[in-house]
Amino acid sequence: MPMSRVITWEVSESEGIETAWVDFDDDALRGRGRAVGTVPEPYWISYELDTAEAFVTRRLRVTVESAGGVRRLDLRHDGAGRWTVDGEHLPGVDGALDCDLGLCPLTNTMPILRHRLHLASGEREFLMAWVSVPDLAVLPARQTYTHLGRHRIRFVSDDFRRDITFDEEGFVVEYPGLATQLGGSRGHGPLGRVP
């Protein structure tokens, strides 16, 4: 049965806050989120994330508003490994299965759920289509996730390393130095559009 969650995180790295509305089942998720940050500059962000089966990213749409104006991103994955940004091919991330929206705890969930790394031992390396915030540049990023036990995962990317705690459903509870879950609610069935 489809489940729904509303999750709010304090995002310490941006000195802000984010709320995500998520519909998910055993094979896919759909999320919408809004966040406000003050570092490196005050900004407001909204995003929509859709995955295909096995939690493979299908599309990420992002809008950022700051003193510099409004920026938009439409990142798409064709299901066969090819990525486009606003309709232009982005060969540097071809082969990746996931997007990773910077400062967004929700986008750590897809690879965790695909491989059940929050529940079972293992280590996986991923190529990600990483989106920096607030400028929305898309770059390739190699990331390794290692199960440590008790819903804890070691995240490594280049010289960056954090031990992240996830809940039983695969959502970030504590990401040291980045985000802490403040609370949320659960339900059955789709949430519909974010207001």
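Strand S11 gives the lining of the largest pocket its largest share, four residues. Strands here are DSSP runs of E at least two residues long, numbered from the N terminus. A pocket, on a 1 Å grid over the protein atoms alone, is an open set of points with protein on both sides within 12 Å along at least five of seven lines, and lining residues have an atom within 4 Å of a point. The model is a predicted one, so to speak of local features takes pLDDT of at least 70 and side-chain atom pairs count only at pLDDT 80 or more, while totals for chains, interfaces and linings use all residues. Residues are numbered from 1 along each chain as its sequence is written, and side-chain values use heavy atoms, with hydrogens and water left out.

The pocket itself has a volume of about 410 Å³, a volume being the space filled by probe spheres set on grid points that are joined across faces, edges and corners. Its lining takes in 23 residues, and nearest the centre lie Asp 100, Trp 130, Phe 155, Phe 160 and Tyr 175. Two or more lining residues come from each of strand S9 (98–101), strand S11 (138–149) and strand S12 (152–157). Sorted by class, the lining holds 13 nonpolar, six polar and four charged residues; Ala, Val, Leu, Ile, Met, Phe, Trp, Tyr, Cys and Pro count as nonpolar, Asp, Glu, Lys and Arg as charged, and the others, Gly among them, as polar.

Now for the aromatic rings. There are five aromatic pairs, counted when rings of Phe, Tyr and Trp (its six-membered ring) have centres within 6.5 Å, with planes under 30 degrees apart called stacked, over 60 edge-to-face and the rest tilted. One of them joins Phe 155 and Phe 160 edge-to-face, at 5.9 Å centre to centre and 75 degrees between the planes. Phe 155 is buried at 4% relative accessibility, whereas Phe 160 is partly exposed at 29%; buried means under 20% relative accessible area, exposed over 50% and partly exposed in between (1.4 Å probe, protein chains only). Phe 155 also pairs with Tyr 175, this time tilted, at 6.1 Å and 55 degrees. Phe 155 sits in S12 and Tyr 175 in strand S14 (residues 172–175), so this pair ties together parts 20 residues apart in sequence. Phe 126, Tyr 145, Phe 155, Phe 160 and Tyr 175 make up one aromatic cluster.

Elsewhere, S2 (residues 16–24) and S3 (residues 29–37) pair antiparallel over eight bridges, where pairing takes at least two DSSP bridges. The two strands form a hairpin with four residues between them, and Glu 18 stands opposite Ala 35 in S3.

The largest cavity has a volume of about 90 Å³, and among its 14 lining residues Glu 18, Ala 35, Tyr 43, Ile 45 and Leu 103 lie nearest the centre. S2, S3 and S4 each supply at least two lining residues.

As for disulfides (cysteine sulfur atoms within 2.5 Å), the count is zero. The sulfurs of Cys 104 and Cys 99 are 8.0 Å apart, too far for a bond.

Notes. On a 1 Å grid over the protein atoms alone, a cavity is a set of points where a 1.4 Å probe fits but cannot get out, and a pocket is an open set with protein on both sides within 12 Å along at least five of seven lines; lining residues have an atom within 4 Å of a point.
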